Amino acid sequence: MVDGEKKPPMGYIYEVMDRAKESIEKAFNYDDRKYMNVFKIIDARWTDQLHQPLHAAGHISNPGLYYKNNEMKTLTKEVWLGYHACVERMILDKTLQDKIGDELGVYMKVDGLLGIESAIRARTLRSPVEWWMQYDHNVPNLQQFTIRVQSLTFSSSGCERNWSVYEHVRTYITLLLN
């Protein structure tokens, strides 16, 4: 990423990885024999460098992604474990962790301001930070934690290490498709 370029907020890495894999599957006409080697490379990089509790917390606390994926029942145990690990790492006060856990139930049930029509529409129209600032006043501890997480941006250093590997993957895919 170039200095000064806007960096994406936390919470989108899972979605980007899922979309990338779906695109690769489609490019190979869903023939897993053709793309399994590519997925092995991607999964190894994901496991070693990109899959972090902070990304899981960002994914869960991104209302546009959370509610869509919750409805589709695609949130995995891995994502939930990462979310809770992030809460434990970032919030050292056990009482505050418990309050955040209680308030998470309100978020999951879409109670209070979270269930009004404008909040539902805003899930995908506003940034996660704007959404949390506007609609989650009935869960102040979760709101504060989430705004802290969602306000973070990706560091490009991890991506830069992967670019050369992904360029080889892209070359491999291109050769297989031609």
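W132 counts as buried because its relative accessibility is 1%, where buried means under 20% relative accessible area, exposed means over 50% and partly exposed lies in between, with a 1.4 Å probe and protein chains only. This residue is found in helix 8. Residues up to four places away in sequence aside, W132 touches S61, P63, Y107, V139, L142, Q143, T146 and I147, a contact being heavy atoms within 4.5 Å. The C-alpha atoms of W132 and L114 are separated by 9.3 Å, and the two residues are 18 residues apart along the chain.

## Basis of the model

This is a predicted model, in which local features need pLDDT of at least 70 and side-chain atom pairs count only at pLDDT 80 or more, whereas totals for chains, interfaces and linings use all residues. Residues are numbered from 1 along each chain as its sequence is written, and side-chain values use heavy atoms, with hydrogens and water left out.

## Overall architecture

The protein has ten helices and zero strands; helices (H or I, at least four residues) and strands (E, at least two) are DSSP runs, numbered from the N terminus. Along the sequence the pattern reads α-α-α-α-α-α-α-α-α-α. Of the 178 residues, 39% count as buried. Among contacts in the protein with a separation of 6 or more, 68% join residues 24 or more positions apart.

## Nonpolar cores

The largest nonpolar core has 26 residues, of which Y83, Y107, W131, L142 and F145 touch the most other members. Such a core is a set of buried Ala, Val, Leu, Ile, Met, Phe, Trp, Tyr and Cys residues joined through side-chain atoms within 4.5 Å. Helix 3 (53–60), helix 4, helix 5 (77–90), helix 6, helix 7, helix 8 and helix 9 each supply at least two residues of this core, and helix 5 gives the most, with six residues.

Y83 is in contact with P53, A56, A57, I60, I100, L104, L142 and F145, leaving aside its neighbours within four places in sequence. A second, separate core of nine residues includes M17, V38, F39 and I42.

## Helix packing

Helix 3 and helix 5 pack with their axes 7 Å apart, at an angle of about 110 degrees. Axes are lines fitted to C-alpha atoms, for helices over the stretch in contact, and angles run from 0 to 180 degrees between N-to-C directions. Helix 3 is therefore roughly perpendicular to helix 5; angles of 65 to 115 degrees count as roughly perpendicular, under 35 as roughly parallel, over 145 as roughly antiparallel and the rest as oblique. P53, L54, A56, A57, H59 and I60 of helix 3 make the contact with V79, W80, G82, Y83, A85, C86, R89 and M90 of helix 5. By class, the contact of helix 3 with helix 5 has eleven nonpolar, two polar and one charged residues. Here Ala, Val, Leu, Ile, Met, Phe, Trp, Tyr, Cys and Pro count as nonpolar, Asp, Glu, Lys and Arg as charged, and the others, Gly among them, as polar.

The axes of helix 6 (residues 94–109) and helix 9 (residues 140–150) come within 7 Å and cross at roughly 95 degrees, which means that helix 6 is roughly perpendicular to helix 9. In this contact L96, K99, I100, E103, L104 and Y107 of helix 6 meet P140, N141, L142 and F145 of helix 9. The residues of the contact of helix 6 with helix 9 divide into seven nonpolar, one polar and two charged.

## The two sides of helix 7

A119, A122 and R123 are buried in helix 7 (residues 117–125). They lie on the same side of helix 7 because they cover an arc of only 125 degrees around the axis, the arc being that of the directions from the helix axis to the C-beta atoms. On the other side of helix 7, E117, T124 and L125 are exposed. Helix 4 (63–71) and helix 8 (128–135) are among the elements that cover the buried residues of helix 7.

N69 is placed in helix 4 and counts as buried, at 6% relative accessibility. Neighbours within four places in sequence aside, N69 is in contact with E15, H59, T74 and L75.

Y30 has a phi near 60 degrees, a positive value in a residue other than glycine. Y30 is in the loop between helix 1 (13–27) and helix 2 (32–50) and counts as exposed, at 56% relative accessibility. V110, likewise not a glycine, has a positive phi of about 60 degrees. V110 lies in the loop between helix 6 and helix 7 and is partly exposed, with a relative accessible area of 24%.
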